[in-house]
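Me: I'm new to this one, and I'd like a close look at a single part before I try the rest. Could you walk me through it in plain terms?
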Amino acid sequence: MRWLAPGRAAAALLFAGAAVVPLLSRDSFFLDSVILILLWGSLSAAWNVAGGYAGQVSLGHAAFFGIGAYAAALASARYEQSPWLGLAVGVLLSIVAGALIGYLSNRLKGPYFALSTIAFAEVLKIVASRWRGFTAGSEGIPVPYRPGFWTLGLDHVAWLYLALTLALVCYGLQVYLEKSRVGYRLAGVREDEDAAEALGIATRRLKVAAVMLSAALTAVGGSLWAQYVGFVDPAHVFSIDLSIRFALNSIIGGMGTALGPFLGSVLITMLETYLRATFSGMKAGFSGIYLIIYGTVLILVVRFAPEGVTGLADRVWRRRGAARAEAA
Amino acid sequence: MDPARRLGPAEIDVFAQLAVSTLLLGGIYALIAVGLTLIFGIMRVVNFAHGEYLMLGMYLAFWAFSLLALDPYVVLPASLVIFFVVGLLTYALVMRGVIHASHNVQIFTTVGLSIALQNVALVLWTGDFRVIRPWHSSVVIRLGGTAFNLSQVVAFAVAVALTIGLLLFMRRTHTGRVMRATAQDRDAATLMGIDTDRVYRLTFAIGIACVGAAGALVAPLYATYPQAGLQFVLIAYVVVVLGGLGDMAGALLGSLIVAAVEVAGSYVFGAAWKEVLYFVLFIGVLVFRPAGLFGQRGAETLGA
């Protein structure tokens with residue numbers, strides 16, 4: 001497949017780089033950036049499973065993220081159980097939700113699918129803000145910090161390796177989706193559903209399965225994020241901004257490629273950090289200026305490089321290869 | 001007195017009031033939805049930035065009122081013109097390049113536009129909630145046991161007029177026919193010598209002009225802030241899908257249905273849960289009748 005060897009090498013470099021970071025620096029700001037790059041990258045990879053590989057472009061993945069985040073936060077804050085138990089419950093609930101939305105929206109294509117996923121996430125947001133007795137409503141839930149692995153009260157270094165593990169699992173799953181028979185079927189469904197169906201592929205089941213897998217991974221990311229950040233509220237964890245962010249990393253990096261979401265996460269996080277440093281003097285306006293640039297970059301990328309950075313690099317790589325072949 | 005008898009007349013008033021509220025709220029939703037249904041129906045583009053133009057329209061009315069003491073209704077004709085031009089510009093700068101691109105590219109282009117516009121407003125005018133109170137927003141009209149304010153009535157009247165005007169424009173004029181032909185079959189229209197680029201440009205400009213004008217009418221009724229568009233645009237999508245793509249009359253009817261669900265829902269379940277109702281309605285319609293309640297022709301091509 002295209003973008004194979006250099007992509008794998010770049011990914012290996014990226015993950016190895018993240019793994020040695022704690023050996024080089026214990027600066028908590030730096031570690032925090034790496035952890036967030038890995039977490040957002042993993043979440044975008046999870047989105048990519050549905051959006052990139054199965055062509056089910058969702059703008060409501062915050063629904064699954066929020067389910068995971070709330071399950072973990074409620075488990076540790078309300079029931080004083082391990083957030084890992086909450087994570088497991090969140091994953092199960094997300095799989096059910098993913099099956100439901102995948103099944104219901106199955107006939108919908110293009111913008112209709114995106115719209116129905118937005119509506120789904122909005123419903124969950126409203127439920128989480130109104131069901132005060134259970135979720136504490138819009139005030140949100142502060143997650144208690146209890147040191148230990150079982151309670152997920154970890155230091156930055158441990159968090160980094162945990163996030164790296166999740167990233168590797170997500171990356172591995174994507175590679176599997178590229179190389180395996182299932183992956184080829186999925187590509188068939190994405191490129192031409194009618195043709196795929198004519199070849200005897202159970203397109204419907206495959207698409208729902210992809211959304212379920214994507215939902216489960218997103219919930220894992222949500223649970224870990226809730227424990228890492230230590231606070232959960234409906235306006236953020238179910239927000240459309242978050243859904244856009246998952247999609248955006250993948251689009252900037254390259255949809256339907258294993259490296260894309262991580263590359264996008266690195267670029268966006270670096271852009272965010274750089275702009276934050278540049279505009280920190282203009283306190284009130286900062287977030288606005290950052291997001292104006294973010295929106296503009298998105299417009300420009302989908303217009304001029306709809307295949308993202310990996311697609312762009314692929315094109316350059318091929319052109320160079322062709323030039324070299326000509327010279328030889 | 002018999003409690004049931006005491007309940008009698010009050011209940012009738014409640015239902016009359018609910019009906020009037022439905023009608024007036026529906027008018028506001030229709031104002032926002034007609035432009036959207038035009039763009040969605042003819043260009044087959046989901047404009048996620050539609051709500052941001054509403055927000056900009058509200059800001060225009062706000063600043064005209066607070067700086068120049070101009071009534072939103074005076075600003076209204078100017079809004080139509082200004083936002084027509086804004087629509088032309090947006091089309092030339094942003095939409096034109098992606099009109100033939102895939103749905104994903106279009107979705108994320110308008111999402112990017114929405115993020116950028118929201119934050120331009122945030123940087124320029126901060127995130128404060130701005131409220132204007134022109135004289136007509138405090139005029140209460142009482143009629144047969146119901147009460148409502150003048151601004152709402154005007155918004156409703158303009159919504160109906162706008163819908164009928166657009167409907168006539170699409171049915172009776174040559175340009176309207178050309179636009180409908182393009183919506184039905186882009187390639188065939190091109191073969192018939194229609195300049196589809198011009199059609200899309202015009203469609204987008206008219207759609208944005210409508211929602212910009214809607215901003216002026218909504219400004220006296222709702223607070224203006226950078227994310228003000230978001231609460232309406234999701235509802236507008238419910239309306240557009242319910243009414244059928246590009247169907248003006250459907251948009252008006254869809255608005256009334258959504259408003260009825262919202263008003264009745266708030267009355268029965270309390271205001272907190274009303275949004276859940278229309279999102280559930282939305283998912284239901286998308287799943288069971290994606291072509292809209294009236295089965296608009298051509299909706300299925302959207303998925304192609």
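Not counting residues up to four places away in sequence, which residues does V154(B) touch?

Reply: V154(B) touches Y73(B), H136(B) and L217(B), once residues up to four places away in sequence are left out. Touching, or being in contact, here means that the C-beta atoms of two residues, placed from the backbone, lie within 7 Å.

A quick word on what you're looking at: this is a predicted model, where local features need pLDDT of at least 70, side-chain atom pairs count only at pLDDT 80 or more, and totals for chains, interfaces and linings use all residues. Residues are numbered from 1 along each chain as its sequence is written, while chains are lettered from A and ligands numbered from 1 in the order in which they are written.

Back to your residue. V154(B) sits in helix α5 of chain B; helices are DSSP runs of H or I with at least four residues, strands are E runs of at least two, and both are numbered from the N terminus. V154(B) counts as partly exposed because it has 18 C-beta neighbours inside 10 Å. The cut-offs go like this: 20 or more other C-beta atoms within 10 Å of a residue's own is buried, 12 or fewer is exposed, and in between is partly exposed, again with C-beta atoms placed from the backbone. G112(B) is 42 residues from V154(B) along the chain, and their C-alpha atoms are separated by 33 Å.

Helix α5 (residues 150–172) of chain B packs with helix α10 (residues 248–269) of chain B at an angle of about 155°, their axes 9 Å apart. That angle is why α5(B) is called roughly antiparallel to α10(B). Axes are lines fitted to C-alpha atoms, for helices over the stretch in contact, and angles run from 0 to 180 degrees between N-to-C directions. Under 35 degrees is roughly parallel, over 145 roughly antiparallel, 65 to 115 roughly perpendicular, and the rest oblique. On the α5(B) side the contact uses T163(B), L166(B), L167(B) and M170(B), and on the α10(B) side M248(B), A249(B), A251(B) and L252(B). Sorted by class, that contact has 7 nonpolar, 1 polar and no charged residues. Nonpolar covers Ala, Val, Leu, Ile, Met, Phe, Trp, Tyr, Cys and Pro, charged covers Asp, Glu, Lys and Arg, and the others, Gly among them, are polar.

Most residues other than glycine have a negative phi. R44(B), which isn't a glycine, has a positive phi of about 60°. R44(B) is in the loop between α1 and α2 (50–68) of chain B, and is buried because 22 other C-beta atoms lie within 10 Å. A69(B) lies in the loop between α2 and α3 (72–95) of chain B, and its 9 C-beta neighbours inside 10 Å are why A69(B) counts as exposed.

Then there's the core. A nonpolar core is a set of buried Ala, Val, Leu, Ile, Met, Phe, Trp, Tyr and Cys residues joined through C-beta atoms within 7 Å. The largest one has 197 residues, and Y29(B), L31(B) and A236(B) have the most contacts inside it. Helix α1 (residues 3–43) of chain B gives the most to this core, with 16 residues. Skipping neighbours within four places in sequence, A236(B) is in contact with Y29(B), I32(B), A33(B), L36(B) and H50(B).

Finally, chain B meets chain A: 35 residues of chain B are in contact with 35 residues of chain A. On the chain B side, two or more residues each come from α4 (103–125), α9 (228–243) and α11 (274–288). α4(B) gives the largest share, 15 residues. That side divides into 26 nonpolar, 8 polar and 1 charged residues.
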